[in-house]
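Here is a short report on one protein chain. It moves from the overall picture to a single sheet and then to a single residue.

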Amino acid sequence: MKTLSLKAYGEIWLVDFEFRSPPGEPPEVVCLVAREYHTKQQVRLVASEMAALEEPPYGLGDDCLFVAYCASAEFSCHLALGWALPTQVLDLFAEFRVATNTTEGHPPAYLLDALKHFGINHSTDSVEKELMCDLIMTGEPYSDKDQKQILDYCESNVVALELLLPRLMDEGNWPQALLRGRYMKAVTQIERNGTPVEAGLLSQTLESWPDIRSHLIALVDTDFGVYEGTTFKKAAFSHYLMKEGIAWPQLPSGGLDLKEGTFADMAKIHPQIGPLHSLRSSLSKLRTAAPTIGTDERNRFSLVPFRSRTGRNQPSSREALFGYSAWMRGFMKATPGFALVYIDWSQQEFGIAAALSGDQAMMTAYASGDPYLEFARQAGSVPPEATKQSHPDERALFKECVLAVQYGMGAASLAKRIDQPESKAAHLLSLHRRTYGRFWEWSEGVLDYALLEGKLKTTFGWPIQIGAKPNKRSIQNFLMQANGAEMLRLACIFATEAEIKVCAPVHDAVLIEASLDSLEATITAMQEHMAEASRIVLNGFELRSDAECFPYPQRYADPRGQTMWDTVMTLVNREAA
Amino acid sequence: MKNLYLNNLNPLESEIPPPPKCNDEDLHKPNSHLFRKEDMKETSTEQPESSKKAFSLTDIRNDQNFDKQAGIVHHTPKIEVKRPGKFTFFRTFGPKENWIKAKVVDDGPGDNELLVSNAIQHLVEDYSRPVLLIPCIDRQGRVFIWPLKMAKEGSFPMRWHTSTREAAIHALTNWTQISADKKIKAYSIKTAEGDLSEPVWPDRMDIETLIQDAFADKYIDSLDHPVIQQLRGLV
């Protein structure tokens, strides 16, 4: 299969659509240009011509290869036109990311960037692209001249695909590339599905936001005393931390590190910080952004697949409700007759590390159902009969130790996290090394390989090139993260092909929507797809998953945001009254 | 192919011949049914061999055993020769029949035993003592050789001797700690209370190689050895 080449296909269709895409809505298709790679036959169609067709003017079967750049955009047009999706897909965007993914910087990945990367001269430049986008966005009716211009521009993108294809796939791994193409079909279905939201309440909340803002600050700040009016006071926060005895990360300058990520991490260790974190995050984000909601009351956004270094999706945190503070997930709500179900793999990263390293003790710990407590047992720190109830403190410490290893923390960072002396943290980390010797041997081997060969690759070929200034911890964590992404992609493929309505993939989880009539069966099916995805990625080792169900009229509830949700809703209702 | 559309909508291209049709061989090319989940299941054995082998996800899965692929040879630190410390939990490497009886000469106090070659053992009887060389490992994964003291030939073994041997046998299957108890004139044996993980021994545990490494610069194979000369009062 690795020798599969362009010659293996009877037809290779290079396809590009132009379309307008109002926020949260399915696309409005403007035109299509498709060219067959071998024969150079070409089709140019405008919206009215496409609307008359029940199927696309190119084959969709096994012998036809569909080639596009970010194919989910093209497929969204297929769905908008009621056309089926092709069987064989090669996405040159995904393959360009494969060709250029690196530990350093964040290489641009637009079509023009890909052409530039390979030194291919092309008629379109970024200025022209911008002009054409503006023209397309003006909407129909287009003049004949404009229509021709748009079609010509669309054709120039197809020509770019034609030039890129042999450059990108000359030595590429075809089967793995086609698997990525298959995922783009799943992406399209998921983006089309979107997440149902209570749009009226969200809209009301956003409209009231400027008015309730100061009340909200006053309410939340009662427990903190760190705001002066609507201004966050660092000195007051410093005083609060001292009073509470919380060790807070500092910047090299010595000041408190007040970054969003730091607040999120610290809120996990010190839950009392949670409401303040939610408040700061919401104040900052809701000032300039709002999730993109369609007229059918669904949150739709581009998943931006393969965009992160680990190959994970990287949707805009402003468009996706999941990108906002946890309390805002309360706006997600199934429609009557349906339920939202959040299903996540249990301790996914620990399970991946156990299986890929082949550490039997670690696999035993995962299989126990409570790897943290089992780790404490294996290390001899709690008796064999210990339970979560009998040894909650020890379990919490060993959990933090496991997470610290996953994050690549040293003793000093772990000590801060567990609020214990550094010697205690160092002892915990040494217990991890002793108990899971095979994992550490593998992890160090991964680092050796990466530094020697200058690259790493996941089970299904998502690579990373190691730059000049490699970060040891990121390299050692890469295979856990990137194979987690592979697993999620497979689960999404299996689920969407089985016609399960996936609303959104979320890091190590999926949010699905299921009819109440078949709720149990759908959850079971989704969990089986996730289990199968794990078995495939982990060579037979299976990861468990947990499902949390929110049937209509229940709204999605994230416990981390419950207090904030209740506070905001009280204020919104008061404002409405 | 929908040539109808091509001809109708793009007359300029109508002269271009249609793409070549697939022949039977093409139909069996391994791009059909690619990566279907069904291919993973045993029922897929009904498919033609070429198709079944080519299409399964497991076939295109990359190994993640980078530690093996790296081809790095880790030079293990020199194996120490020492008795287990009183705070050390250790395990011994079996079977006990493979433990090696040997003779050592002490070069001063502490863990300073020198191994005597078989060829000259009878010549240094007065200065040497018998030991059992036992490979051990501690909780940090460090391998060491324990030169377990034995009673001299013809002497009745003391409790110090028998208790350490008992400890070594106990440590074959248990994380063990020993400490000298002068009251009972023997070593007391303690077993770790936790359900500790099994030791991870090096891939190739060859006792003779370990001993050669451990005693590489602590080996007496001639009466001219400075330590023997010193013991004989020649220097």
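Chain A holds 21 helices and 15 strands. Helices (H or I, at least four residues) and strands (E, at least two) are DSSP runs, numbered from the N terminus. The radius of gyration of chain A is 26 Å, close to the 25 Å of the globule rule for 577 residues, so chain A is as compact as a globular protein of that length. That radius is taken over C-alpha atoms, and the rule is 2.2 Å times the number of residues to the power 0.38.

This is a predicted model, in which local features need pLDDT of at least 70, side-chain atom pairs count only at pLDDT 80 or more, and totals for chains, interfaces and linings use all residues. Residues are numbered from 1 along each chain as its sequence is written, while chains are lettered from A and ligands numbered from 1 in the order in which they are written.

The C-alpha trace of chain A spans about 70 × 65 × 55 Å along its principal axes. Of its 577 residues, 46% count as buried. Buried means 20 or more other C-beta atoms within 10 Å of the residue's own; exposed means 12 or fewer, and partly exposed lies in between, with C-beta atoms placed from the backbone.

Chain A is divided into three domains, with bounds from an automatic or database domain assignment.

| Domain of chain A | Residues |
|---|---|
| Domain 1 | 6-193 |
| Domain 2 | 199-290 + 325-332 + 559-576 |
| Domain 3 | 349-480 |

The C-alpha centres of domain 1 and domain 2 of chain A lie 42 Å apart.

Next comes the sheet. Five strands of chain A form an open sheet in the order β3-β2-β1-β4-β5, with mixed pairing. Two strands pair if DSSP finds at least two bridges between them. At the edges are β3 (42-46) and β5 (88-91) of chain A, each pairing on one side only. Strands β1 (residues 11-20) and β2 (residues 28-36) of chain A run antiparallel, joined by eight bridges. A:V15 stands opposite A:A34 in β2(A).

How is A:L279 placed? This residue lies in helix α11 (residues 274-285) of chain A. A:L279 counts as buried because it has 25 C-beta neighbours inside 10 Å. Beyond its neighbours within four places in sequence, A:L279 is in contact (C-beta atoms, placed from the backbone, within 7 Å) with A:L216, A:I217 and A:V220. The C-alpha atoms of A:L279 and A:L90 are separated by 44 Å, and the two residues are 189 residues apart along the chain.

Note on methods
Two residues are in contact if their C-beta atoms, placed from the backbone, lie within 7 Å.
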